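Subject: Structure for your review

Dear colleague,

Please find below the structure that I am handing over to you.

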Amino acid sequence: MNDTQEKNDVLLDVEDLEVEFHTGAGVVRAVDGTSFKVHRGEFLSIVGESGCGKSVTALSLMRLLPRKTAAVKAKKIMFDGIDLSTLPEAEMRELRGRHISMIFQEPMTSLNPVLTIGDQITEPLITHLKMSQKEADIRAIELINMVGIPDPERRITQYPHQFSGGMRQRAMIAIGLACEPKLIIADEPTTALDVTIQAQILELLKDISDRLGIAVILITHNLGVVAAYADRVNVMYAARIIERGSSSNIFGAPAHPYTVGLMRSVPRLDKPRVGRLATIEGMPPNLLAPPQGCRFRDRCPIAEQKCEETPPTTTAPGTIEDHTVACWKNEFAKENAPILYGSETAIEKEKSAHGEKVLLNVNGLKQYFNISIREGLKSHKVDIRAVDDMSFNVREGETVGLVGESGCGKTSAGRAILHLDNPTAGNIEFDGNLLNGGNIAAVRRDMQVIFQDPFSSLNPRMKVGQILEEPIKVHKLRDGKSARLDRVAELLTQVGLYPYMADRYPHELSGGQRQRVGIARALALEPRLIICDEPVSALDVSVQAQIINLLEDLQNDLGLAYVFIAHDLAVVRHISHRVIVMYLGKVMEVGEGNTLYDNPQHPYTQALLDAAPVPDPEIERNRQRTILEGDIPSPLNPPSGCVFSTRCPMVTDECKSMVPELNDFALGHGVACIKIGAS
Amino acid sequence: MLRYTAQRLLLVIPTLIAVAVLVFFLVRVLPGDPVEVKLIGEFGDVNPELIYKERKRLGLEDPLHIQFVNFMVGLPQGDMGISLVTERPLTQEIGARITISIELAFFATLLSVIIAFPLGTAAALYRGTWFDYVIRIITIGGLAVPSFWFGMLIIMALLATVGKLPSLDTAGLFEDPMANLYTLFWPALSVGYRYSSVIARMLRSSILEVLAEDYIRTARAKGLYERIVIVKHGMRNALLPTVTVVGLEFAFLIGGLVVTEQVFNINGIGKMFVEAVQFNDMTMLQGLVLIVATSFVLINLLVDLLYAALDPRIRYQA
């Protein structure tokens, strides 16, 4: 490619972008001198953890940051021959939604609740293309059709609340596409969606980009998504781009220690566990006072004196393509990537063996929520079958993973076991004792829970020490204040915090630290079983790995059993001995972890695994996948027969009338599908 | 929408019945005998027999359940009974004086909305500037100053400047609109100032809240004109909570003008309340409370319907 061609090919050329936020606490430089290019029609990804500046970069390009608090500077932001950094606001407005459009993370809140979908799609058409309302309506129907929403004529007269999450995101894409822009910026477009819906939306974006030649900047924290869809990748850390290259370069031969660490700290869906996860210790720097030099220095396993100087962006070693990296030791990092965070053999540790004794036995558990639906003046009661006839057991020291999409009943099952909600039917035995309302208090000590959101599950008005001391006091586990405080210190050390943190309030801790406090609180009662309800889903990948390792270490040391509830299939595979797949309150498949992932039998399990992308572009390129169509049905009105029948690629009439039993496909491997017989 | 309206209308009926029942018994729990008060006022010392006869004549000696049945049967026919003092039908008595009160309440509401909307919107759009601070001072003033005192200030100011007060006998709205409005302007302003402060502050905070919503960002990302972003996407959502406040305050005003009507000497039902209590006119009090309660219920209904018109989520939920 010669120079002029290259010039024509570049759609967006950003040089030295800086964004500063003026806050009460000081100036935060959220984007610090980033430069990058987007070529016409390409799929570029910006990847990084929360707070790294990836969304701010996108919003600053669109000039959508609050003007009072955010100051944007750049040497140039050339978009299709126009410098956006000096463009007057009136002309910038003409560009927004016309040539650059944006899709946001939260489809639930990004659409105006009081305007019809049609109205929201036609607005840019009328504003930018000066269409009449009638012309715009015709185009809106065309667009709705294009993004795969059935029944477009009726749909454009509806309001956002009548759409499901996935449909709303499709509508957002239709709005973005309306004027056939040259660039679409998608800011975490699927983070709020279930994995089967995520696959639909990303396929749609990719398809549109390919067909219409629209360039896409995909901002995400999900490495699997990046590997599956991006042509090129920018990796951001603490407000800077630290590595950039083609997707195969970044995943195949990462040269920045942070990129290496990021790749190593995510568990793999497609491979059996190799051992403990690699972790990047510590947490990203505070951008109010970032460290001099390389910002990754404090967490880097190979940092040295020189790293106190900011490393220049250089071409990565041994590459002729556009692969650049900002690290003094990139050559060493690239060559030693596999052992940078401890060699695989050194950290290899099989999942600890579990005992044989059954600790928790759940038999025929049903959890129905009786809600009333108003229809006119009458209201009638409807049972939502959150959990419908579920049986499983957990042995001592064992981890049983409960996995499924939203509304599948995994959380309700956990709450029912703990009797946080009293189960509708079924027997729950703990250590041989049948639990009921009367004796649950006696076993509360032995069964503890860790919640998803470390931000809202700790009382903000209590110090960490008080939070941990309270259960010890209530259950009279230690006599006297000083003995209790000793125990608090012990617990904090056990979960990788420092005893002095007992004096802190939860808001003074980071998300990962708070989740550690949540774990310590559960441990305070010396339980034998902990129900972990999405314990890592609110955390960044590097912190997530730390917490997963901590949970495993505690299991080894204390012989704990876990019921691990999560929607992330890879995490569940990594941590669980056995896995239960749920869908709309029903168990679809049960099996030993590796068997279930390598040889899934139920069409839903297969589709679920197909939908989740793997962080390896080589594998993703050649992957054959079945993408489920349609939405998850409302639990208010579940399909008759097999609950999966409305979306199942193998469905026959029989499936719609018969509820399949969970039958043993092989020893310890149960499948609830009439199509799957025992082998 | 039609169905929603019908539903809400049907719900009004049991509410009103409940109000009527409650009012009937509450009034009878009050101490004091209206007949005694009246007769003593007219003749000085009166013998108990006369009081009994008078009570008998007015139906007050009937057993409670008979009185109750009479009252409840009369209501749907538009018969609220007679005043124990003037002995004229309550519908006539109240009807003669309620127009001016409703007019005043309506005028005050209108005035305060006219004041509040620009103030609230401007304060939100220019948040943190001197403009916002000035508006904040004005509105906090409105909340802090009692409206009757503000009314007295107005009267004093009028006397000091124009040297006279608006004429006391009010012309009807349709007879002489200008004179009527001029008479009502000052009392409306004295109540409306406080009222507009409440609305302006509510509007300011709800606009700010709405402007921080994701869908406003979406609207801007579409490249819409800022004016459209604010008016079409912002205001309509921000109006929702504001409508509630406007409605409730209006309903409150109809019965709540007691003091202001005294200050400006307006012959509305606010003054009537005071008189009814003074003379222990049980049935009058009963009728007034019922009227005020009914208007409260009806205005709430109106607010609900307006809400549904503005917000499709409510419309389709029912």
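In what sense do strand 12 and strand 13 of chain A pair, and over how many bridges? Please bear in mind throughout that this is a predicted model. The two strands run antiparallel to each other, and 2 bridges join them; strand 13 of chain A covers residues 324–325. Within this pair, A:Thr314 lies opposite A:Val325 of strand 13 of chain A.

Turning to chain A as a whole, one finds 24 helices and 25 strands. Its radius of gyration is 26 Å, close to the 26 Å that the globule rule gives for 679 residues, so chain A is as compact as a globular protein of that length. Along the principal axes, its C-alpha atoms fill a box of roughly 75 × 65 × 50 Å.

Helix 8 (residues 195–212) of chain A packs against helix 22 (residues 603–611) of chain A at an angle of about 50°, and the two axes are 8 Å apart. The helices are therefore oblique to each other, and helix 8 of chain A passes helix 22 of chain A in a left-handed crossing. On the side of helix 8 of chain A, the contact is made by A:Val195, A:Thr196, A:Gln198 and A:Ala199, while helix 22 of chain A contributes A:Ala607, A:Leu608 and A:Ala611. Of the residues in this contact, 5 are nonpolar and 2 are polar, with no charged residue among them.

Finally, I turn to the meeting of the two chains. Here 23 residues of chain B are in contact with 29 residues of chain A. On chain B, at least two residues of the touching side come from each of helix 1 (2–29), helix 9 (214–221), helix 10 (226–256) and helix 14 (312–317). Helix 9 of chain B gives the most, with 7 residues. By class, the side of chain B that touches chain A has 9 nonpolar, 5 polar and 9 charged residues.

With kind regards

Terms used. Residues are numbered from 1 along each chain as its sequence is written. Chains are lettered from A and ligands numbered from 1 in the order in which they are written. This is a predicted model: local features need pLDDT of at least 70, side-chain atom pairs count only at pLDDT 80 or more; totals for chains, interfaces and linings use all residues. Axes are lines fitted to C-alpha atoms, for helices over the stretch in contact, and angles run from 0 to 180 degrees between N-to-C directions. Helices (H or I, at least four residues) and strands (E, at least two) are DSSP runs, numbered from the N terminus. Angles under 35 degrees count as roughly parallel, over 145 as roughly antiparallel, 65 to 115 as roughly perpendicular and the rest as oblique. A crossing is left-handed if the near helix is turned anticlockwise from the far one by less than a right angle, and right-handed if clockwise. Two residues are in contact if their C-beta atoms, placed from the backbone, lie within 7 Å. Ala, Val, Leu, Ile, Met, Phe, Trp, Tyr, Cys and Pro count as nonpolar, Asp, Glu, Lys and Arg as charged, and the others, Gly among them, as polar. Two strands pair if DSSP finds at least two bridges between them. The radius of gyration is taken over C-alpha atoms; the globule rule is 2.2 Å times the number of residues to the power 0.38.
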